[in-house]
Amino acid sequence: MDETNTRQPVLDTLIQSRDLQMLKSIVPYFSGTQQRTISFLIRLIELQKTMQLFDAEPEMQAAELQSGKNDSPAERTRHMLNVMKEFCNPQEQANIDSLIGFFEMFESYEAMMADGDGTPFPL
């Protein structure tokens with residue numbers, strides 16, 4: 001995998017711990033079967049932490065998971081694409097920028113149509 005960003009996604013920062021990082025760091029020093037077992041256990045712990053995170057009452061959930069809750073769907077999409085861009089290579093980033101530009105153009109067109117009488121270019 002092409003590593004373009006060392007920053008972790010929000011979900012990872014919420015479920016990771018120092019203990020898990022330590023376990024992950026020792027995996028290469030075990031035999032193949034042991035590596036598989038330890039890796040499976042690490043993922044199981046991460047899954048358990050994820051389930052606990054989302055089982056919490058909405059008001060008790062991490063603020064990071066609620067950051068776009070009050071935004072419009074268009075704003076959430078734009079924020080989501082910009083966050084994804086941080087983990088992409090330059091070509092993928094350019095593709096996402098094009099997609100964001102398309103969405104913005106479409107939003108402008110919709111706003112223009114909503115403000116007028118339904119004709120894109122009134123005479």
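Modeller: One term first: a residue is buried under 20% relative accessible area, exposed over 50%, and partly exposed in between (1.4 Å probe, protein chains only). This is a predicted model: local features need pLDDT of at least 70, side-chain atom pairs count only at pLDDT 80 or more, and totals for chains, interfaces and linings use all residues. Residues are numbered from 1 along each chain as its sequence is written, and side-chain values use heavy atoms, with hydrogens and water left out.

Biologist: How many helices and strands are in the protein?

Modeller: Five helices and zero strands. The pattern along the sequence reads α-α-α-α-α. Helices (H or I, at least four residues) and strands (E, at least two) are DSSP runs, numbered from the N terminus.

Biologist: What share of the residues is buried?

Modeller: Buried residues are 14% of the 123 in the protein.

Biologist: Take H3. What should its 24 residues span?

Modeller: The expected span is 1.5 Å times one less than the number of residues. For H3 (residues 32–55) that gives 34 Å, and the end C-alpha atoms are 34 Å apart, so the two agree.

Biologist: Which residues of H3 are buried?

Modeller: Ile38, Ile42, Glu46, Thr50 and Leu53.

Biologist: And what do they pack against?

Modeller: Helix H1 (10–15) and helix H2 (18–26). Contact here means heavy atoms within 4.5 Å.

Biologist: How many salt bridges does the count come to?

Modeller: Six. Another is Arg78 with Glu75, at 3.0 Å between the closest N and O atoms. Those two are three residues apart in helix H4 (residues 73–85). Arg78 is buried at 16%, and Glu75 is partly exposed at 29%. Asp97 and Lys85 also meet in a salt bridge, 2.6 Å from N to O. Asp97 is in helix H5 and Lys85 in helix H4, so this pair ties together parts twelve residues apart in sequence.

Biologist: Is Lys85 buried or exposed?

Modeller: Buried, at 19%. Asp97 is partly exposed, at 39%.

Biologist: Which residues are linked in a network of salt bridges?

Modeller: Glu75, Arg78, Glu104 and Glu107.

Biologist: Switching to rings. How many aromatic pairs?

Modeller: Two. Rings of Phe, Tyr and Trp (its six-membered ring) pair if their centres lie within 6.5 Å; planes under 30 degrees apart are stacked, over 60 edge-to-face, and the rest tilted. Phe102 and Phe103 have ring centres 6.1 Å apart and planes at 55°, so that pair is tilted. Phe102 and Phe106 are at 6.4 Å and 20°, so they count as stacked. Phe102, Phe103 and Phe106 form one aromatic cluster.

Biologist: Where are Phe102 and Phe106 in the fold?

Modeller: In helix H5 (residues 90–115), four residues apart, or about one helical turn. Phe102 is partly exposed at 44%, and Phe106 is partly exposed at 42%.

Biologist: Which residues make the nonpolar surface patch?

Modeller: Leu99, Phe102, Phe103, Met105, Phe106, Tyr109 and Met112, over about 660 Å². Patches take residues with over 30% relative accessible area and no salt bridge; like charges are joined within 9 Å, nonpolar side chains (Val, Leu, Ile, Met, Phe, Trp, Tyr) within 5 Å. Areas come from the Shrake-Rupley method with a 1.4 Å probe; for residues, only the protein chains shown count as cover. Met105 is in helix H5 and is exposed at 55%.

How values were computed: Salt bridge = Lys/Arg side-chain N within 4 Å of Asp/Glu carboxyl O.
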